[in-house]
Amino acid sequence: MPFEIIRNDITKMQVDAIVNAANSKLQGGGGVCGAIFKAAGKEELQRACDEIGNCDTGKAVITSGFDLVSKYIIHTVGPIYCDGTKNEAELLHDCYKNSLKLAMENNCESIAFPLISSGIYKFPKGEAFKIATKAINDFLVSNEIMVYLVVFDQESFAISKTLLENVSTYIDDNYKSRTVVRKFTSYGRIEVDSLEVDIQYDECITNCKSKAINLDDIIKDLDESFSETLLKIINSKNKTDAEIYKKANIDRKLFSKIRGNTNYSPSKKTVIALAIALELTIIEACDLLKRAGFSLSHSNKFDVIIEYFLKNKKYNIFEINEVLFYYDQPLLGGVS
Ligand code: AR6
C-alpha cells in the first residue's frame, strides 16, 4: 500500500484511524491534540482516555473517534526533545511503529499521522520528518495499510539544502512558463499563448504530413503497449512485481490492473513512479511514457522536477515526493 504526504488538517482526514500526538496522562492539550479533542467531542473523548489512564512514551493506545469521520483515534506519546541524546529518535520511531501495529490489530485499512513531537515537544521538524518517513516505510515493507503523513508547513521537510538548491537551479534553467506573445498582423494585435511544444509532438506532425497514412498499416505495426513493455523491463531487471510496486509507492490493486490488462491506460504519475522504481535512464523513461501516451515538457514544473531526478539518476521516490510537495506539485504513486 502506498504512503502519501499531504498538507491538511488531520481532523478532516477520511481514514479509519487518525493519530493523536498525546501526553502520557492522556489529557486534552494544545496543538494537534487540542484540535482532535475539539473535533471528536471533548467530554466523551476525555472520558474514554481516562478509562485507559495513561500511556508511556513511544507506546500507543486506541479509542473511538466519536464525532470524527474516522472510526478510531490512536493516541501515541512522543518524546519531549531534550538534546538528542536521550533516546528521542528511537522513541519517536516507536510511536509510528506501535501506532501502525495497533491500527492493523483493529483492522484499519488507512491511517493518518501528524508529525509527532514536532510542535510543543520541540523535536526539530526536519529530523522528525525523516524519522516518520523511515518508520512508515519500514513498516510498509511487510504490511498492507494506506498511510498518510499530514504536515502543516514546509519547514517540516528534511530535504537537504543542496538538493533543493540544485532542483531550484534546474527549474530556473529549464522551466519555460506559459507566456503570452503579442503578434501584430494585418488584422491588428492578436495574443497567442505560446506554450513550448514538445519536440516529439512536432516531429510526429511533420512525419504524418510527409507520409501518406494507411490506417491498417499503422495498426498492424503498433509498438508494444505500455504494460507489455513494463513487464519485460521488470523481468530483464530480475525484479519481482512486489519490489517494483512498493518502491513505486503504488497500490497493489492498481499494479494488478496494469499486469492483467495489456491495454490498461495508467496515469502519467503512475508511469513516472514505475520508471523511477525501475531506475530507468531518462531516455528509457521517456520511451515508457510515450507508450502510455505521455511525454515530459519544459512548460510543466512537475515534468522539469522529474527530469532533474531522472537525469541525475536519483531514484528515491520519497525524496522526489518531498521536493514535489515543496513545490506544490502532485505527488508520485498512490491508487490511480
Ligand atoms: N493537523 C495536522 N497537524 C497539526 C494540526 C492539525 N490540525 N495542528 C498542529 N499540527 P503538537 P507534540 C502539527 O504540538 O509536539 C499537546 O498539548 C504541528 O504543526 O500538536 O507531539 C499534547 O497533549 C506539529 O508539526 O504535538 C502533548 O502535551 C505537529 O502537529 C503535546 O502537545 C505536532 O505538534 C505533544 O506535543
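How far does a polar side-chain atom of Ser118 lie from an oxygen atom of the ligand? The distance is 2.6 Å. This is a predicted model, in which local features need pLDDT of at least 70, side-chain atom pairs count only at pLDDT 80 or more, and totals for chains, interfaces and linings use all residues. Residues are numbered from 1 along each chain as its sequence is written, and side-chain values use heavy atoms, with hydrogens and water left out.

**Contacts with the ligand**
- A backbone N or O atom of Gly119 is 2.8 Å from an oxygen atom of the ligand.
- For Tyr121, a polar backbone atom lies 3.0 Å from an oxygen atom of the ligand.
- The protein buries 90% of the 710 Å² that the ligand exposes when taken alone (areas by the Shrake-Rupley method with a 1.4 Å probe).

**The shell around the ligand**
- There are 23 residues around the ligand (a heavy atom within 4 Å), and Asn23, Val32, Ser117, Ser118 and Ile120 come nearest.
- By class, the shell has 12 nonpolar, 9 polar and 2 charged residues, with Gly counted as polar and Tyr as nonpolar.
- Helix H1 gives the most to this shell, with 4 residues (helices are DSSP runs of H or I, at least four residues).

**Aromatic pairs**
- The whole structure holds 6 aromatic pairs (ring centres of Phe, Tyr or Trp, its six-membered ring, within 6.5 Å).
- The rings of Tyr170 and Tyr308 have centres 5.5 Å apart and planes at 65°, so this pair is edge-to-face (planes over 60 degrees apart).
- Tyr170 is in helix H5 (residues 161–174) and Tyr308 in helix H13 (residues 301–311), so the pair ties together parts 138 residues apart in sequence.

Definitions and conventions:
A polar contact is a pair of N or O atoms within 3.5 Å; within protein, one must be able to donate a hydrogen and the other to accept it, and residues adjacent in sequence count only if both atoms are side-chain atoms. Helices (H or I, at least four residues) and strands (E, at least two) are DSSP runs, numbered from the N terminus. Rings of Phe, Tyr and Trp (its six-membered ring) pair if their centres lie within 6.5 Å; planes under 30 degrees apart count as stacked, over 60 as edge-to-face and the rest as tilted.
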